[in-house]
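I opened my notebook to go through this model with you, one look-up at a time. Have the viewer ready and follow along.

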Amino acid sequence: MSTFEREKREYFQKLYTEDTAKHYVRVHGWLEAARKRLAKIRSTERRKRHSAKYFTLPGEYAVDVLLLANNGIIQQTEVGFPRVVYCERDLQTVSVINKKLGRCMGVFSGTFERVVFTRDFQSYCPFDIINLDLTKEIFPLDGRPESNTIRAIEKLLWLHKNREFDFYLTFKSSRKETNPDAVREFERMVIDNFKNNKTWEETFVKNCGGGVKELLKSDFTLFWCKSFPKWILETGITNNVAGSLQGEYIYLRKPPYGAPYHIVTFLFSFARKSHGLMGKHKAVSECKEEIFRSFALTPFDVDKYLKENTAEKTKLKEDLARILKTPPKISKV
Ligand SMILES: C[S@@+](CC[C@H](N)C(=O)[O-])C[C@H]1O[C@@H](n2cnc3c(N)ncnc32)[C@H](O)[C@@H]1O
């Protein structure tokens, strides 16, 4: 392992175990949204005693899985997590997660972008909660302009056609490490969409202080916050699911080995579109309203909040340490 790779690995290990900004999003973003999802699941007679079926990229510490299990969102037994399916691209990390979580419903070794197209993965769909906690950009510099991640998300939404579910998405926002051709394509798509809908464009300009081009130049992260939800909501509606943006969080990372970048997290909740002409009409107009709302939403600045709320920061640090110190009790399987 080169010094650069070692530095990077150490930095990330520290991040997942000490980063209070990330833990803020876990606790106040994912967990709060997941509580609402669980209440929805249990509001139906058939599932009133169910826990959530969860798909995640847990990483070696699997903090999200432990947090959701500790709070009764997902089930934990003495042998593992029977309603959790996870995916990890790094083989070594898969075996670490395996030891930590014991027996899970499904384990996928490989990139999510590939796994989502396999029959095996599709046999586990649908999920109640999908948590894509990605470490890279949505359009990585070394990737194709027609991003594999975008295609994979499209497929995932298609696999959840007519379903009720939550979708949490996290990615890195770094202008330097993002494929410029792909960004241009995404920008073109947004602008092109506006051509047929002047009200959208006007609302966008009013809320963002300028057009798409200007925003892309002035604030790369805000560009994602204003354009990505629109793409997700529109993709949802073509799959008969009406989405709503439940939250949007950003925080800064300053790695010792490279330029600073932001992490962006979106929380979406999807509901089945009702049938019939009126149902379709209502869903499309609700989708439009939701897109307007997403233009106006200011992303929650986690760093700023924690700087002003040091007691909360300490509480999060302690909570994270407690989760990591008390690994799940898994009997040998
Ligand atoms: C950000 S970490 C997960 C942290 C965890 N969710 C938590 O709450 O602490 C992401 C993990 O997923 C893996 N990963 C990232 N992108 C992936 C992808 N596209 N496909 C498969 N695994 C991926 C990384 O190797 C890493 O172990």
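In which sense do β6 and β8 pair, and over how many bridges? I looked it up: β6 and β8 pair in the parallel sense, over two bridges. Strands count as paired if DSSP finds at least two bridges between them. The names come from DSSP runs numbered from the N terminus, with helices (H or I) of at least four residues and strands (E) of at least two.

Before going on, I noted that this is a predicted model, where local features need pLDDT of at least 70, side-chain atom pairs count only at pLDDT 80 or more, and totals for chains, interfaces and linings use all residues. Residues are numbered from 1 along each chain as its sequence is written.

**Entry: the sheet.** I traced an open sheet of eight strands with mixed pairing, in the order β3-β2-β1-β4-β5-β7-β6-β8. β3 (103–109) and β8 (300–301) stand at the edges with a single partner strand each, so one side of each has no neighbour in the sheet. I then checked β6 against β7, and they are antiparallel over twelve bridges. There, Val241 has Arg272 of β7 as its bridge partner. Elsewhere, β1 (residues 54–56) and β4 (residues 129–133) run parallel and are joined by three bridges. Phe55 stands opposite Ile130 in β4.

**Entry: a helix on the sheet.** I saw helix α11 (residues 220–238) lying across β5 (165–173), β6 (241–253) and β7 (261–272), at about 160° to β6. Axes here are lines fitted to C-alpha atoms, for helices over the stretch in contact, and angles run from 0 to 180 degrees between N-to-C directions.

**Entry: two helices.** I looked at α2 (residues 20–42) and α3, whose axes come within 11 Å and cross at roughly 55°. On the α2 side, Arg26, Trp30, Leu31 and Ala34 make the contact, and on the α3 side Val63, Asp64, Leu67 and Leu68 do; contact puts C-beta atoms, placed from the backbone, within 7 Å.

**Entry: the ligand.** I listed 19 residues around the ligand, with Leu57, Gly59, Asp64, Arg89 and Phe112 coming nearest. A residue belongs here if its C-beta atom, placed from the backbone, lies within 6 Å. α3 (63–70), β2 (80–88) and α5 (112–115) each give two or more residues to this shell.

Definitions and conventions
Two residues are in contact if their C-beta atoms, placed from the backbone, lie within 7 Å.
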